[in-house]
Structures are given as C-alpha cells and as structure tokens.
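Please look through the sequence and the structure shown here before reading on.

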Amino acid sequence: MERRAPDDTRDRIDHYLASTGLNARAAKVVPLTGDASDRRYFRVLLRDEPAQVLAVHPGPIDFAALPFVNVAKLLSEMPVPVPRILGHSDELGIIALQDLGDVTLQAHLGTVSPAEHAALYRQAVTFIEVLHRRGAELTSREYVPYGIAFDVEKLTWELNFFTKHFLEAYRGVLLSDGEREALAREYASIVNELAGEPRVLCHRDYHSRNLMLHEGNLYIIDFQDARLGPDTYDLVSLLRDSYVDFTEAQIEELIAFFLAMRGHTGQSDSAAGRQEFRRRFDLMALQRNLKALGTFGFQTTSRGNPVYIQYIPRTLSYVRANLAKYPRFSALRAVLGTHLEELQ
C-alpha cells in the first residue's frame, strides 16, 4: 500500500518564524478553521504586538504570480479594505497576513440591533459600488480579473456542476435523457442572457462569510477569484446569501440603496428601469444559488465535509422563489419538484 507523505506544515511554519525573526516574539501558533480550498490557516500570537495569520499552501508558491496577491494590489488601489500582506516565503509556501480576528459578518449579525444590521449591509453594498466604479477606472491587463469573466463557458460549467454534484452525487437523482436535454436548453437560456450583460469587476464570492468585522470596520477577504461579470452578481451573492435570512423588504431597500448610490438617471431611474434591474437580479440569483447547491453537494460527497448541509434548505428556497418568476424554466422546475420535493 502506498504510504502518504508526512505532513510537514508545522515544520514549515517553524522555519518561517525562524527566518523572519518572529520566533523570538511568538507566544503561540493556533490552527484556524480553513475555507473550502486546500490552504490551511494559522494564527501566530505575538508578544506585545498584533497577531498575524499564516496562509499555508500545500507546497512552494510563486508569490508574484498568485491571483490573491495581484487582486489584493488592485483592491488596495481603489481603495477597499482588505487584509495587509505582511510577508511571504515562496519556498515554504507561506503568506503572512494582517489578523482580522474571527468575527465574520455572518457571526456578527446575531449580536447587533436591526439598525446596526442595516448599517453594516449598506456599508457592504457601498463596497460593491466602489468595485464597479473604481474597477472600471483601473482597468488594466496588469490585473488578473480583467482577463477572465463569467462568460457562457464558466456559467454553464457552474450549472453542470449543480447537476453533477448536487442532483446526481448528493441527491442520487437519475436523470433521463429527456430531462438532461431539457435542462441543457434551459441552462443555455439562463447563461446566454447573463453572459450578454455589460460586465463590471466582481468579487465572485461576496457574502457574509467573506466580510470580516475588525475594530468596528468591514474588511473583504477571499477575493482571489475576482473577475468580470454582470452588475448584479455581487449584490446577489450578498443578498441571496445561503448563510443569512433576509426579508423581501430588506432586499428591496438595499437594491434601491445600490441603484441610488450608482447614480441612475433617466430610464434606468424609472419604475420600469428598477423593475428590469430586479428581473436581472432574480435571474442572476437563480444561477448563483444553483451553483451554491453544487458546491454544497461537492463539499459533502467529495470532500466529506457535511457542514454545508444545513444551508441547503435556505438555498433551495431561494431557487424555488426565483423559478416561480420564470415560467419558461419548466424543466428545471419539474426536476426540482419531482426529485427534491421533500427538501424544503
């Protein structure tokens, strides 16, 4: 039987601390809960100075070529608040980051008043407007996000990911050839419309788990997959968040806040213009939440990580609510109704 290579993570951390002189000031190294990637995170508690977080990659890195580093530079130019990069080692595969603590926006919401909740979300929506506006002004081939987009290929891949990892792998659905063909036609209808919309800079995973509260301010994390996409994308990620409940009144208020901040004029500021934006928002939400279900299925079945199961009912409820607004997606509605009726 093949033997697995020993985990040298702690050896690499100790080497990094020694090479940077942090070992003399380090009081403790604490493992942190990671994201859905293959990176691992550790907090280095230092005597008489702020802690640092070490992002430990599986192996050596090319720091200058990492999308995380490239996008961090772009976002700092805007500026929007992101963690500072404090150091790195290519050989050891380690990046040292400003420690933002442990409080995500998701975790913080249960401890604040309705007024504070609303203020935090207005701040989060404001960052989206900055990403769009300053993202357009800073367009350059120097930055990775301007060379990739939510195009037909990417959006279609995400919907097929939902079919493979949620319907088939997680739920054990056996699709007939007719169902599969009907889904493919409806997927094409969704993605062709979304991919044809004017593109703006998108974070790509902008939700309550990727916004941190640090010293009273919001910070954006996990931005390395930023790319161009529809102007509804990040707003949908934030307001149709699988991890947080919103009322329709809250969603309407924050969409209105976004449109007002964006300075809409003329037709787009009319009732018809706002209604059209909401229609595009709902279509984007349908695609985005189907993709989220695919991710939850993948994490559960392929990664053995059941933590995301608890978020499936909320995400499915978003999908069903948006499907109800689009009679033309009868095949998708039928598949969900036939195979997933018991999941509410």
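Predicted model: local features only at pLDDT ≥ 70, side-chain atom pairs only at ≥ 80, totals over all residues.

Ring pairs join Tyr 308 with Tyr 243, Phe 296 and Tyr 311 in a cluster. Phe 296, another member of that cluster, is buried as well, with a relative accessible area of 3%.

The structure holds 14 aromatic pairs. In one of them, formed by Phe 68 and Phe 223, the ring centres lie 4.8 Å apart and the planes meet at 15°, so the pair is classed as stacked. Phe 68 belongs to helix α2 (residues 67-77), whereas Phe 223 sits in the loop between β8 (217-220) and β9 (227-230), so this pair ties together parts of the chain that are 155 residues apart in sequence. Both Phe 68 and Phe 223 are buried. Phe 296 and Tyr 308 also form a stacked aromatic pair, with 5.4 Å from centre to centre and 10° between the planes. Here the linked parts are helix α9 (residues 271-301), which contains Phe 296, and the loop between α9 and α10 (312-323), which contains Tyr 308, the two residues being 12 apart.

Ile 94 counts as buried because its relative accessible area is 0%. The residues that Ile 94 touches, leaving aside those up to four places away in sequence, include Arg 12, Ile 13, Tyr 16, Leu 54, Val 56, Ile 61 and His 88. Between Ile 94 and Ile 13 the separation is 81 residues in sequence, while their C-alpha atoms are 7.8 Å apart in space.

Seen as a whole, the protein chain has 11 helices and nine strands. Its radius of gyration is 21 Å, close to the 20 Å that the globule rule gives for 344 residues, so the protein chain is as compact as a globular protein of that length. Along the principal axes, the C-alpha atoms fill a box of roughly 65 × 60 × 45 Å. Of the 344 residues, 51% are buried, and of the contacts between residues at least 6 apart in sequence, 71% join residues at least 24 apart.

The accessible surface of the protein chain amounts to about 16,200 Å², and carbon and sulfur atoms account for 53% of that area. As for charge, there are 39 positive and 45 negative side chains, and the centres of these two sets lie 1 Å apart.

Key: Residues numbered from 1 in each chain as written. Heavy atoms only, no water. Helix = DSSP H or I, 4+ residues; strand = E, 2+ residues; numbered from the N terminus. Rg over C-alpha atoms; globule rule 2.2 N^0.38 Å. Buried < 20%, exposed > 50% of the residue type's maximum accessible area, 1.4 Å probe, protein only. Contact = heavy atoms within 4.5 Å. Areas by Shrake-Rupley, 256 points an atom, 1.4 Å probe, with all protein chains shown as cover. Lys, Arg positive; Asp, Glu negative; His and termini not counted. Charge placed at Lys NZ, Arg CZ, Asp CG, Glu CD. Phe/Tyr/Trp six-rings, centres within 6.5 Å; stacked < 30°, edge-to-face > 60°.
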